[in-house]
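Please look through the sequence and the model below before reading on. The paragraphs that follow move from single residues to the groups that they form.

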Amino acid sequence: MEEERQEVDRQWQHNREAYSAILKTLSSRLPVDVYAHFNSWGFHDYRLTKMDIEHRSLHDMSVHFTLSSDIDNEENEELWCLCFDKVSYIQYQHLNYDNDQCVMHPEIDDWLYEEIMPVNESMLSFEVLFSSGGNVVLHFPDQSVSIKRVK
């Protein structure tokens, strides 16, 4: 059992280092503040409080995530808005939607892990996984993402 855990830890470390190398290649394709934020802890353990899709046309759509650092303590809570513009692809999936025996809580969308990856030379992909079993994938052009602390 201990050997299996160590192998999982080694694989996790290997994957983390590989992703870090990919993210570094994207630094010029992201706004400086967005790159800096996701080059550290990102929004790990924040709670998704709202996701808005703003549709102006099929060629002009934005997706806005509102995230809270501490849903149980409003006094210490930080609120952030992560906004993607000119979104050309969006996918939402909830792996535990109908699972009554879910290990994780299907209604609590704590932000676990995100990745920004290249799609091609001018388009990026953003994927976030939630503790509920949900995930969201977006495609957006270079530099078409912003981050703002709102509280």
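With a relative accessibility of 16%, H94 counts as buried, a word that here means under 20% relative accessible area, while exposed means over 50% and partly exposed anything in between, as found with a 1.4 Å probe on protein chains only. H94 belongs to strand 4, which covers residues 89-94; strands (E, at least two residues) and helices (H or I, at least four) are DSSP runs, numbered from the N terminus. The side chain of H94 makes a polar contact of 3.3 Å with the side chain of S132, where a polar contact is a pair of N or O atoms within 3.5 Å, of which, within protein, one must be able to donate a hydrogen and the other to accept it, and residues adjacent in sequence count only if both atoms are side-chain atoms.

A word on the source: this is a predicted model, in which local features need pLDDT of at least 70 and side-chain atom pairs count only at pLDDT 80 or more, whereas totals for chains, interfaces and linings use all residues. Residues are numbered from 1 along each chain as its sequence is written, and side-chain values use heavy atoms, with hydrogens and water left out.

Turning to the loops, K86 lies between strand 3 (79-84) and strand 4, and K86 has a positive phi of about 55° although it is not a glycine. K86 counts as exposed because its relative accessibility is 51%. Q143, in the loop between strand 7 (134-141) and strand 8 (145-149), is not a glycine either and has a positive phi of about 65°; at a relative accessible area of 41%, Q143 is partly exposed.

In soluble globular proteins, nonpolar side chains tend to be buried together.

Aromatic rings of Phe, Tyr and Trp (its six-membered ring) pair if their centres lie within 6.5 Å, and planes under 30 degrees apart count as stacked, over 60 as edge-to-face and the rest as tilted. By this rule there are 14 aromatic pairs. The rings of F38 and F43 are edge-to-face because their planes stand at 75°, with centres 5.9 Å apart, and both F38 and F43 are buried. One aromatic cluster includes F38, F43, F65 and F126.
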